[in-house]
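Keep the structure open beside you as you read.

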Amino acid sequence: MVNLIWAFLAVVGIAYAAINGTMKEVNEAIFSTLDEAIMITLSLAGVLIFWLGLMKIAEEAGLLAGLAKIFRPIVKRIFPEIPDDHPAIGYILSNMTANMFGLGNAATPMGLKAMRELKKLSGSDKASRSMITLLAINTSSLTLIPTTVLAIRMKYDSADPTSIVGATVLATIISTVAALLIDRYFYYRRKRAMHG
Amino acid sequence: MISIWLIPSIILIVLVTATIKKVPSYEVFVEGSKEGIQIAITLLPFLLGMMVSIAIFQASGAMGAILKVFEPLMSMVGAPAEILPLALIRPISGTAALSMTTELIRTFGPDSFIGQLASVMQGSTDTTLYIITVYFGAVGIKRMGDALKVGLLADLVGIIASIVIVIILFS
């Protein structure tokens with residue numbers, strides 16, 4: 001699927017540029033994006049290095065296990081395939097918490113670490129059920145404080161920058177619940193297909 | 001603002017707890033950090049490849065053309081057509097969506113209907129394609145199963161929810 005999308009975007013783009021004479025822009029975009037990708041990876045690396053270091057301390061100090069213990073019933077429902085006391089639970093919870101508070105750059109390292117733990121569990125190059133669920137939660141972005149949007153609204157002199165917070169939280173709850181339901185639906189469909 | 005306090009507080013809690021429990025915090029930090037470098041390097045090819053493809057699509061004008069096709073559909077639902085490019089781009093490119101949101105807020109004002117709708121839309125969903133690329137890329141998942149379908153369908157629900165909620169609350 002991703003192979004198709006990837007090729008489709010580039011092929012259609014180049015074909016369109018050939019017809020509409022935008023090849024120069026395409027050329028420029030290719031090379032500026034290469035730089036951009038390196039810059040994004042570099043700044044992401046800084047965040048990853050810092051947060052994974054800090055989270056390792058939290059793990060050793062028993063903070064992640066404590067967090068996992070409190071929320072285990074909820075996580076167990078959303079991720080039924082993760083065994084109790086598995087370190088993935090602590091990282092998934094940190095990822096969800098960071099997302100809720102709008103700490104996008106703290107959420108990513110913890111989500112990636114959780115993915116690694118899940119990969120250890122599944123040991124295959126195919127996305128496991130828990131991985132897809134974790135992805136669904138992250139793509140629907142469960143936010144309580146949309147920091148970036150608030151910053152933009154303040155910059156353009158909103159009379160009430162936080163007026164959208166309630167609506168955003170409501171929308172994000174709906175999209176997260178929908179993501180979980182859609183995820184479940186596809187899981188049961190896969191299961192049914194497997195049993196013929 | 002609470003968010004200014006959040007990250008320093010997390011660091012404080014983690015370090016104080018570690019010190020009380022006699023965890024050698026600095027050494028553990030360095031040990032855990034190394035994994036960050038590794039993840040970033042694994043990630044780079046996935047991210048770079050996807051970004052180039054999206055950039056070609058965008059720079060050629062093909063993205064704009066597709067957005068135009070969808071515009072009448074949007075006005076049929078009763079949502080302003082100006083919001084459509086944002087709704088379509090949000091799952092594909094985070095930077096493009098952010099710049100569109102900024103542009104909409106700048107043009108129409110943060111307290112206008114379109115400004116509110118753009119704010120909610122931007123805040124309530126995330127860049128599905130980016131997240132899938134990064135999360136699966138970091139652990140080398142090649143067969144991603146239903147992940148993309150789940151993510152995109154959830155985005156669709158999020159976008160529709162944003163429109164409905166903003167119409168109810170603000171107009």
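Start with the helices of chain B: helix 6 of chain B has the highest mean pLDDT among that chain's elements, at 91, while helix 3 of chain B has the lowest, at 78. Remember that what you're looking at is a predicted model. Taken as a whole, chain B has a mean pLDDT of 86, with 95% of its residues at 70 or more.

Over in chain A, the average pLDDT is 88, and 98% of the residues score at least 70. Among the elements of chain A, the lowest mean belongs to helix 7 (residues 147-155), with 84, and the highest to helix 6 (residues 129-139), with 92. For the complex, the predictor gives an ipTM of 0.82 and a pTM of 0.82.

## Chain A at a glance

What is chain A built from? Eight helices and zero strands. If you read along the sequence, the pattern is simply α-α-α-α-α-α-α-α.

## Where the two chains meet

Now for the meeting of the chains. Here 89 residues of chain B are in contact with 92 residues of chain A. Between them, the two chains bury about 8100 Å², and 78% of that is on carbon and sulfur atoms.

How many salt bridges are there between chain B and chain A? The count is five. One of them joins A:Arg116 to B:Glu35, with the closest N and O atoms 3.3 Å apart. There are also 23 residue pairs in polar contact between chain B and chain A, counting pairs with both residues at pLDDT 80 or more.

Which parts of chain B do the touching? The elements that give two or more residues to this side are helix 1 (2-20), helix 2 (25-59), helix 3 (62-77), helix 5 (94-108), helix 6 (113-124), helix 7 (128-139) and helix 8 (147-170) of chain B. Helix 2 of chain B gives the most, with 27 residues. Sort the side of chain B that touches chain A by class and you get 53 nonpolar, 25 polar and eleven charged residues.

## Two domains inside chain B

Chain B can also be looked at in pieces. Its domain assignment gives domain 1 (12-60) and domain 2 (69-170). Eight residues from domain 1 of chain B and nine residues from domain 2 of chain B take part in the contact.

The area buried between domain 1 and domain 2 of chain B is about 770 Å², with carbon and sulfur atoms giving 80% of it. Three residues, B:Leu43, B:Phe46 and B:Ile54, supply 48% of the area that domain 1 of chain B buries against domain 2 of chain B, more than any other three residues.

What about charges and polar pairs here? Across the interface of domain 1 and domain 2 of chain B, the rule finds zero salt bridges. The count of residue pairs in polar contact between these domains is zero too, with both residues required to be at pLDDT 80 or more. On the side of domain 1 of chain B that touches domain 2 of chain B, the residues divide into six nonpolar, two polar and no charged.

Conventions: Residues are numbered from 1 along each chain as its sequence is written. Chains are lettered from A and ligands numbered from 1 in the order in which they are written. This is a predicted model: local features need pLDDT of at least 70, side-chain atom pairs count only at pLDDT 80 or more; totals for chains, interfaces and linings use all residues. Side-chain values use heavy atoms; hydrogens and water are left out. Domain bounds come from an automatic or database domain assignment. Contact means heavy atoms within 4.5 Å. Buried area is the accessible area (1.4 Å probe) that two parts lose on being put together, summed over both. A salt bridge is a side-chain nitrogen of Lys or Arg within 4 Å of a carboxyl oxygen of Asp or Glu. A polar contact is a pair of N or O atoms within 3.5 Å; within protein, one must be able to donate a hydrogen and the other to accept it, and residues adjacent in sequence count only if both atoms are side-chain atoms. Ala, Val, Leu, Ile, Met, Phe, Trp, Tyr, Cys and Pro count as nonpolar, Asp, Glu, Lys and Arg as charged, and the others, Gly among them, as polar. Helices (H or I, at least four residues) and strands (E, at least two) are DSSP runs, numbered from the N terminus. pLDDT is the predictor's confidence in each residue, from 0 to 100.
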